Amino acid sequence: MSPKLKNSTPLSEQITDLILRLKKNPSCPPEELIRELDRLALMAHDNVPLDHFAQSLLNTMSDAVIVSDIRGRIRQMNPAAELLTEGRLSENRELPVTDIFETFPEEVFEKEVKDSTFIISRKGNRVPVIYHSKQIKDQKGKPNGVILVLTNRTEEMLSEQMIEIRLKLFEYATDHSIEELLTKTLDEVTKLVNSSIGFYHFVLPDQETIFLQAWSTDTEEKFCRANSKGLHYNISEAGVWADCVRQKRPIIHNDYESMTNKRGLPEGHARVIREMVVPVIRNDKVVSILGVGNKPSDYSSSDLRMVNILAEVCWDIAEKKINDNLAKENARKLSTMIDNLNGVIFRCANDADWTMEYMSDAVRKLSGYPAGDFIDNKVRTFGSIVHPDDQDRIREEIQGALEKKIPYEIEYRIITSTAKIKWVWERGRGVFDKKNLLALEGFITDITARKKFEEELKKSEEKYQGIIQNTSNCIVAYKAVDNGSDFVFVNFNPMAEKTENITRDEVIGKRVTEVFPGVKDSGLFKIFQQVWRSGNPEYYSALMYTDNRVQGYRDNYVYKLSTGEIVTVYEDITERKLAEDEILKLNSDLELRVKERTAQLSVANKELEAFSYSVSHDLRAPLRHINGFVDLLLKKYSEALPDKGQHYLNTIAESANRMGILIDDLLQFSRASRKELKKFPTDMKEMVQEIITAIDSHNPKQKIVWKVDDLPVVDCDDALMKQVWFNLISNAVKFSEKKEQPVIEIGHKKDQTTHYFSVKDNGVGFDMQYVSKLFGVFQRLHAATDFEGTGVGLAIVQRIIAKHRGVVSAEGELNKGATFKFSLPNINTQNNG
Amino acid sequence: MVKLKTILLVEDSPNDVELTLEALDEHGLVNRVITVNDGVEAMDFLLCREKFKTRPQINPAVILLDIKMPRMNGMEVLEAIRNNDKLKTIPVVILTSSREEPDLKKCYELGANAYVVKPVDFQQFIAAVRQVGVFWALINELPPQK
């Protein structure tokens with residue numbers, strides 16, 4: 001319907017009618033309006049005064065109406081035109097209409113024009129408009145002015161721009177990060193509202209924390225060097241712009257500098273002149289804020305609208321992107337999870353082949369075949385890789401579970417591409433649609449290692465069970481009950497049955513205090529509790545157990561298993577214990593006997609000493625007397641005796657002398673045997689030299705050639721050792737004195753454990769067949785008439801060396817000399833440093 | 001006048017006494033030998049008691065002391081002498097048949113001045129006794145008596 005006016009009705013009515021129609025239909029096209037106004041203008045031009053209603057119409061119109069005369073001077077403007085040009089009619093009247101336009105379309109005076117252009121307001125604002133011109137002609141048809149109807153396009157352009165930016169941002173968001181998107185948005189916004197600062201913050205749901213998310217490129221480059229991207233900080237610490245979060249409404253500070261409640265800006269922060277911050281609210285909570293700042297002029301409501309729209313747009317895109325990212329991430333995670341899952345996920349038909357609808361790629365690792373092989377049985381069926389021996393069993397189990405509509409768990413073997421057998425575990429369930437089974441879904445994983453381990457465990461268990469059954473130790477396991485106040489039998493091996501004279505069946509499940517009432521008295525029970533609490537093994541030795549049924553000694557080793565059970569490994573040591581006791585008794589008897597013997601021996605020794613003493617003292621005295629008186633007889637009465645008589649006396653004296661020597665030697669031998677060794681480091685070289693010197697000086701006529709090795713210091717009893725050397729050397733001298741040139745060699749050798757000494761002469765020697773007699777007491781190999789001596793010397797040597805844990809030996813050959821050797825342990829050779 | 005130096009021979013065996021005196025006789029020392037038969041008598045003599053009550057209280061120049069004797073043996077005598085202030089400076093020569101080491105050791109520990117084993121050979125015996133007698137009775141100067 002067009003708001004045509006009827007010429008017949010009075011103008012005021014017509015205008016009223018027009019206004020009413022316009023109110024009913026505010027979207028009335030400008031052309032229609034222009035036409036009507038045209039008519040009204042004509043009427044006005046024809047000096048038909050605009051009546052009150054016509055004036056009202058013009059005043060209420062949202063479009064600006066400017067009337068110019070033919071010279072281009074402004075004659076009329078309605079209030080909308082005043083608003084648009086930011087000048088009053090009174091100020092503009094008679095001013096050139098061209099001044100209002102950025103570029104004035106001159107053709108409007110020639111013809112009717114409809115086009116868009118910009119007007120420049122009195123305040124210098126550039127406003128996009130659509131203009132519609134119409135010539136005004138006088139009654140003769142001669143043009144005398146023009147009427148311009150201007151429609152402000154700002155809004156329209158803005159929404160166009162918004163749409164454009166929106167599209168741009170959507171497009172941008174597809175291949176840029178959220179941060180980049182925010183920066184891009186801010187760049188657009190700041191350009192749009194002519195601001196040098198732009199920021200976009202996310203606000204966490206607590207409404208307390210602002211998450212600095214993005215700054216416009218300009219802001220980042222020129223202003224906010226306070227590097228705070230991504231920083232969380234509390235709104236209470238934020239600047240006044242954060243009021244928009246607190247109050248959930250846009251904030252405009254066109255007088256920021258003069259504000260008193262602003263916070264100090266951080267160092268490096270841009271100087272703020274004015275700012276505008278708008279919140280994005282979702283579910284009554286601020287989710288983000290977009291702020292701009294430092295526009296050269298004040299922020300207007302249209303700025304607010306634009307910023308608002310873009311803040312919303314930006315949030316929507318960002319949120320969608322976040323959600324998309326999340327969805328993508330979730331999808332990726334799921335895929336990764338499936339890929340990394342240590343097992344195969346499947347969905348298959350409940351048919352003979354287990355035809356696969358889906359199978360995760362992990363099946364390749366499991367079977368060596370790609371998942372694609374099994375999907376729709378393309379290359380092979382899953383059933384074909386199941387071990388033939390397990391086929392029927394798993395089918396039975398699965399069908400059973402499907403009937404009951406419960407999940408199933410099965411273990412079976414598969415044969416891999418390399419013909420290996422692997423054990424798998426499968427858990428699955430039927431997927432039902434009301435009544436019908438749609439598919440089987442489940443999970444298969446490799447349990448070969450576990451199976452192997454189980455088998456080994458079984459074997460090892462069998463082995464240990466074997467050991468437990470057959471060991472000669474008693475092995476009993478208990479479980480603690482009543483928090484360790486008693487123990488119940490869980491195992492009892494055959495040896496324990498035998499030892500305790502009770503069967504396994506009789507004890508299992510019973511309390512130890514019930515079966516073995518004596519266990520508490522024995523102290524073992526406390527050990528059980530101790531081990532059960534501490535977990536540390538205990539050894540409880542030679543425990544005497546006794547009750548009415550069994551008694552005996554037990555050697556117990558008690559420890560705790562990782563399962564918490566207590567195990568005792570023990571032995572019946574009753575027999576051993578008794579044997580030990582017997583041994584102990586025998587030992588003490590033996591000790592007593594040794595003591596007795598020692599006492600007896602010591603008595604015997606004392607007696608022997610007394611005997612020796614007697615021999616030494618009492619036996620010699622009569623000899624001396626015989627000797628003495630024979631001598632006196634010879635001296636004083638020899639003349640009275642015939643020669644024969646003198647000879648007898650001489651024989652008596654000689655015999656007595658000889659007996660004296662025998663007694664002396666015998667005593668010496670006895671002493672050598674009885675004497676306790678007193679060992680000291682003894683210089684053999686010095687000792688031997690002393691003896692040689694003594695012998696040489698005793699027989700100055702005899703020229704003996706001595707060849708003596710460098711002799712060591714040896715740990716020995718020096719008095720006895722001197723006797724050894726003296727006996728051996730004097731022996732050598734004695735048996736070589738008849739040689740023209742006696743040579744006596746004294747040698748020494750040693751190894752790590754032993755010193756070897758030798759005394760070698762070139763004398764009469766001896767026949768080796770009598771060598772065994774050489775070291776016997778009173779054994780002589782030569783006639784006493786040839787060589788003096790009692791036959792005790794070498795026996796003494798042998799005794800002394802034996803006491804030193806050495807060995808004597810002799811080698812000889814008749815008339816070629818003899819070598820006597822003895823060894824001594826090389827223990828302490830403190831040899832001359 | 002030279003003081004009469006006496007030799008105290010403590011010997012239980014009459015044979016030994018006779019032989020010892022024979023040996024000492026060679027140097028004319030025999031007259032100065034006083035013989036006692038055991039340790040008890042020896043102490044009586046030295047302390048001038050019992051049958052020696054009347055003898056002049058002069059210590060012998062040397063005591064020739066046998067070890068093995070009845071009643072009080074030589075070592076007991078030696079110990080008594082060394083523990084007696086009046087007697088302890090008297091030289092004591094052990095004249096014995098024993099060559100046993102414990103005897104030797106003990107005698108020296110008790111303060112014997114010499115230890116002579118009586119040789120079985122009489123010539124050697126004479127030589128030994130004579131030397132002992134000559135040394136201790138004639139040559140050796142006694143420490144001054146209190």
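**Figure 1. The largest nonpolar core of the predicted model.** The core comprises 39 residues, among which Val278(A), Ile289(A), Leu290(A), Val307(A), Leu310(A), Ala311(A) and Cys314(A) touch the most other members. A nonpolar core is a set of buried Ala, Val, Leu, Ile, Met, Phe, Trp, Tyr and Cys residues joined through C-beta atoms within 7 Å. A residue is buried if 20 or more other C-beta atoms lie within 10 Å of its own, exposed if 12 or fewer, and partly exposed in between, with C-beta atoms placed from the backbone. At least two core residues come from each of helices H6 (154-174), H7 (178-192), H9 (243-247) and H10 (301-340) and strands S6 (197-203), S7 (209-215), S10 (275-282) and S11 (285-293) of chain A. H10(A) gives the most, with 10 residues. Helices (H or I, at least four residues) and strands (E, at least two) are DSSP runs, numbered from the N terminus. A second, separate core has 37 residues, including Leu19(B), Leu65(B), Ile90(B) and Val129(B). This is a predicted model, in which local features need pLDDT of at least 70 and side-chain atom pairs count only at pLDDT 80 or more, while totals for chains, interfaces and linings use all residues. Residues are numbered from 1 along each chain as its sequence is written, and chains are lettered from A and ligands numbered from 1 in the order in which they are written.

Figure 2. Val280(A) lies in strand S10 of chain A and is buried, with 22 other C-beta atoms within 10 Å. Apart from neighbours within four places in sequence, Val280(A) is in contact (C-beta atoms, placed from the backbone, within 7 Å) with Val286(A), Val287(A), Ser288(A), Ala311(A), Glu312(A) and Trp315(A). With such neighbours again left aside, Ala311(A) contacts Val278(A), Val280(A) and Leu290(A). A separation of 9.1 Å is found between the C-alpha atoms of Val280(A) and Val245(A), which are 35 residues apart along the chain.

**Figure 3. The contact of H22(A) with H23(A).** The axes of helix H22 (residues 684-698) and helix H23 (residues 718-736) of chain A come within 10 Å and cross at roughly 45°. Axes are lines fitted to C-alpha atoms, for helices over the stretch in contact, and angles run from 0 to 180 degrees between N-to-C directions. The two helices, H22(A) and H23(A), are therefore oblique to each other; angles under 35 degrees count as roughly parallel, over 145 as roughly antiparallel, 65 to 115 as roughly perpendicular and the rest as oblique. From H22(A), Met687(A), Val688(A), Ile691(A), Ile692(A) and Ile695(A) meet Met721(A), Lys722(A), Trp725(A), Phe726(A), Ile729(A), Ser730(A) and Val733(A) of H23(A). The residues of this contact divide into 10 nonpolar, one polar and one charged. Here Ala, Val, Leu, Ile, Met, Phe, Trp, Tyr, Cys and Pro count as nonpolar, Asp, Glu, Lys and Arg as charged, and the others, Gly among them, as polar.

**Figure 4. The interface of chain A with chain B.** In this interface, 16 residues of chain A are in contact with 16 residues of chain B. Helices H20 (574-637) and H21 (643-674) of chain A each supply at least two residues of the chain A side, to which H20(A) gives the most, with 12 residues. The chain A side divides into six nonpolar, seven polar and three charged residues.

Figure 5. Chain B has five helices and five strands, running β-α-β-α-β-α-β-α-β-α from the N terminus. Of its 146 residues, 40% are buried. Asn37(B) occupies the loop between strand S2 (33-36) and helix H2 (39-46) of chain B and counts as partly exposed, with 18 C-beta neighbours inside 10 Å. The C-alpha atoms of Asn37(B) and Val17(B), 20 residues apart along the chain, are separated by 8.9 Å.

Notes: Contact = placed C-beta atoms within 7 Å.
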